[in-house]
Amino acid sequence: MKIAAIAGSNANHSYNRMLLEFMAHHFKDQDQIDVIDIRQVPMFNESFKGDAPEVIKDIDQRIKAADAVIIASPEYNHSITSALKSVVEWLSYKVHPLTGKPVMTIGASTKDQGASRSQVQLRDILISPGINASVYQGDEFFMSNVTSLMDYDGHVTDEGTIHFLEKCMNGFRFYAKAIDQMNKEMNNK
Amino acid sequence: MMKILAFAGTNADFSYNRLLLRFMKKHFKQMADIEIYEVGKLPPFSVDTSLSEQTEVWKLKQKIKAADGLVFSTPEYDHGIPAVLKSAIEWMSYHTKVMDKKPAMIVGVAYGRQASARSQVQMRQILISPDCNTNLIPGNEVLIGNVRDTFAKDGRLVDQKAIDNLEECFEHFIEYIQIFQNVDKGELNMAVKQPTISDAYIQFPTGRLSLKEVQQIFSTIPFEVDLIDSTDHFAWYSDKPNREHVRNTASLGETVQECHPPMAVPAVMSIINSFREGKKDVVTRPLWMNGHRSLIQYYALRDINGHYLGTIEFTGSVEYILNLFENGAWDKDATTGASKKTNDSAEEPEEEMAVDASTGASESSDDSDASEDDTPLAADESGLDATTGASETGSVDAEDDTADASTGASENDD
Ligand SMILES: Cc1cc2nc3c(=O)[nH]c(=O)nc-3n(C[C@H](O)[C@H](O)[C@H](O)COP(=O)(O)O)c2cc1C
Ligand SMILES: Cc1cc2nc3c(=O)[nH]c(=O)nc-3n(C[C@H](O)[C@H](O)[C@H](O)COP(=O)(O)O)c2cc1C
């Protein structure tokens with residue numbers, strides 16, 4: 001499956017980006033995962049003149065080229081990062097590549113319970129009318145206390161975590177196929 | 001009057017949420033002094049943003065400290081708050097406690113009927129998360145929908161029901177702030193009733209002083225004193241009337257990094273480190289402040305064994321002394337022989353630190369000279385409101401024995 005994977009952090013050293021890179025490597029036999037780095041995306045501004053900044057046009061194309069999307073989001077103040085929210089706003093304004101796309105949210109946080117609240121919030125954001133993504137509601141994959149499960153260079157060191165990730169990906173692939181089928185049928189009508 | 005800092009949670013050129021705050025500012029001007037803050041001024045939040053790009057962030061933190069309460073006006077973008085507002089909150093919660101226990105209120109306008117309900121729910125969760133920990137007023141929802149009917153073309157809120165609700169909620173908010181402020185004061189009064197050591201004397205080898213005398217001596221001498229303790233925290237300042245640097249008790253306990261404008265931090269740290277390492281004992285900066293000639297001297301505070309206890313900043317106008325000098329007060333030496341003597345001895349501790357005569361320059365030469373720490377004061381630093389700005393020494397060169405006085409621009413304008 002072709003997957004566009006958005007790393008929802010603009011930190012230079014980001015566990016969420018490394019998690020996606022780990023997945024791109026780990027699942028390379030089944031999926032082609034394109035990790036999208038959002039560090040160059042400017043702050044969303046409704047008064048922007050023109051369609052969208054070039055980086056957003058690029059992200060738009062990469063999402064459109066994919067069968068499904070994964071968003072890895074950190075949690076800042078019990079919420080998603082402003083950096084990711086800015087990307088989402090651009091993608092709900094003049095370009096709408098997420099409409100109807102199967103999306104799975106995952107997350108990593110350095111704290112206890114981390115990323116659970118921001119996931120719930122991100123799902124709510126993704127189903128808003130301006131975005132209208134098909135959000136996978138199955139398994140919740142988030143890594144709290146990520147530094148105990150992943151080393152500083154981004155290798156997931158915990159076997160249980162890897163197994164659960166594989167399980168989540170299986171469920172998501174199934175879901176993505178079903179949504180794809182549904183979208184095709186709707187387009188035929 | 002109550003000071004309220006109100007955040008327009010948008011960077012759009014036109015915004016109903018901004019109009020709402022403008023309406024509130026006018027409508028409630030008898031009740032509160034509302035300052036509208038534009039979050040679009042801040043850089044996008046990133047943990048990798050360099051200190052030199054954080055001047056605006058620092059200014060915002062000072063504003064928050066000085067405010068009695070915060071109002072957030074939030075649009076709804078994709079069921080959430082706009083990224084630009086979230087970014088501001090990240091700045092205000094990252095490595096800082098400025099929002100801690102600060103009374104806060106949320107208001108919002110949206111096009112549709114449901115108003116900005118979802119983004120407000122999200123905003124509530126964010127404002128009570130541990131790193132923000134604002135004292136958010138419960139209930140009192142201001143959700144204004146259907147903008148086309150509620151706002152007139154000229155931007156006034158015209159819907160009477162919406163105005164009534166806004167009045168009720170804002171009055172509650174002001175009361176809410178007052179209640180918490182009174183609780184705090186009540187506790188302070190309690191403390192005063194408790195036995196204190198205020199009647200005791202501190203016995204110095206050279207005499208005794210009561211605590212009250214100590215306090216009043218510091219308020220009376222025509223120089224103000226600030227102390228950064230040995231762990232680099234802002235520990236104390238003298239309560240002198242009409243200070244050159246206006247200080248705020250909310251800054252007490254902050255680190256040097258927190259209580260200075262970002263551009264000044266490297267220079268301040270280089271002074272402190274030179275004191276800590278025993279390389280220097282004093283740094284002197286003649287400069288213009290608030291329109292008069294002033295002198296700032298930093299002294300290393302040491303115990304009798306020479307161990308570093310902290311850095312004191314000693315600041316005052318020298319206009320009076322210079323006028324005496326210019327009017328010839330020292331010319332007739334015979335009658336005033338005494339002053340000559342003190343003059344000589346006063347130079348002793350400064351031996352190697354002699355102030356370079358050529359540096360008496362005013363702040364105008366400032367930017368050109370900011371030298372080796374690679375952080376020239378930005379031009380707009382001069383607008384800093386120096387609530388804390390302790391020692392905005394843009395460029396005191398720690399390696400050089402002469403203090404570079406051509407800095408300090410930031411001290412003036414406010
Ligand atoms: C401003 C800020 C706020 C944060 N708030 C939370 C939080 O509410 N919950 C949490 O679990 N972690 C929080 N964290 C810690 C992040 O989980 C941690 O920085 C994580 O490494 C971010 O993901 P990244 O490595 O992909 O950038 C916060 C970090 C920052 C910088
Ligand atoms: C990217 C974007 C997403 C939006 N999403 C929502 C939404 O989820 N719900 C809503 O009621 N309005 C939504 N709106 C409309 C805004 O509420 C509307 O633009 C409003 O005027 C914004 O407030 P302001 O006038 O203070 O800028 C969205 C607007 C933009 C630009």
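Keep in mind as you look around that the model is predicted.

Let us begin with charge. Side chains of opposite charge can pair when their charged atoms come close. Searching the whole structure turns up 28 salt bridges over all chains.

Start in chain A with Arg173(A), whose salt-bridge partner is Asp31(A); their closest N and O atoms are 2.7 Å apart. This pair links distant parts of the chain, 142 residues apart: Arg173(A) sits in helix α5 (residues 159–188), while Asp31(A) belongs to the loop between α1 (15–26) and β2 (32–37). Are these two residues buried or exposed? Arg173(A) has a relative accessible area of 11%, so it counts as buried, being under 20%. Asp31(A) is buried as well, with a value of 5%.

Now turn to helix α2 (residues 54–64) of chain A, which holds both Glu54(A) and Lys57(A), three residues apart, or about one turn of the helix. Their side chains meet in a salt bridge with an N to O distance of 3.5 Å. Here Glu54(A) is exposed, at a relative accessible area of 61%, and Lys57(A) is partly exposed, at 33%.

Next, move over to chain B. Arg302(B) and Asp281(B) form a salt bridge, with 3.1 Å between the closest N and O atoms. Because Arg302(B) lies in strand β12 (residues 292–302) and Asp281(B) in the loop between α9 (265–276) and β11 (282–289), the pair ties together parts that are 21 residues apart in sequence. Arg302(B) is partly exposed, with a relative accessible area of 25%, and Asp281(B) is also partly exposed, at 39%. Elsewhere in chain B, salt bridges that share partners join Glu224(B), Asp226(B), Arg243(B), Arg247(B) and Glu313(B) into one network.

Our last stop is the ligand. Where does ligand 1 lie? You will find it between chains A and B. There are 20 residues around ligand 1, and those that come nearest are Ser9(A), Ser14(A), Tyr15(A), Asn16(A) and Ser109(A). By class, this shell has eight nonpolar, nine polar and three charged residues.

Look for some individual contacts, too. An oxygen atom of ligand 1 is 2.5 Å from a polar side-chain atom of Ser109(A). A nitrogen atom of the ligand lies 3.0 Å from a side-chain N or O atom of Glu75(A), and a nitrogen atom is 2.9 Å from a polar backbone atom of Asn77(A). Taken alone, ligand 1 exposes 620 Å², and the protein buries 89% of that.

Note on methods. Residues numbered from 1 in each chain as written. Chains lettered and ligands numbered in written order. Predicted model: local features only at pLDDT ≥ 70, side-chain atom pairs only at ≥ 80, totals over all residues. Heavy atoms only, no water. Salt bridge = Lys/Arg side-chain N within 4 Å of Asp/Glu carboxyl O. Helix = DSSP H or I, 4+ residues; strand = E, 2+ residues; numbered from the N terminus. Buried < 20%, exposed > 50% of the residue type's maximum accessible area, 1.4 Å probe, protein only. Near = heavy atom within 4 Å. Polar contact = N/O pair within 3.5 Å; in protein donor to acceptor, adjacent residues only side chain to side chain. Areas by Shrake-Rupley, 256 points an atom, 1.4 Å probe, with all protein chains shown as cover. Nonpolar A, V, L, I, M, F, W, Y, C, P; charged D, E, K, R; others polar.
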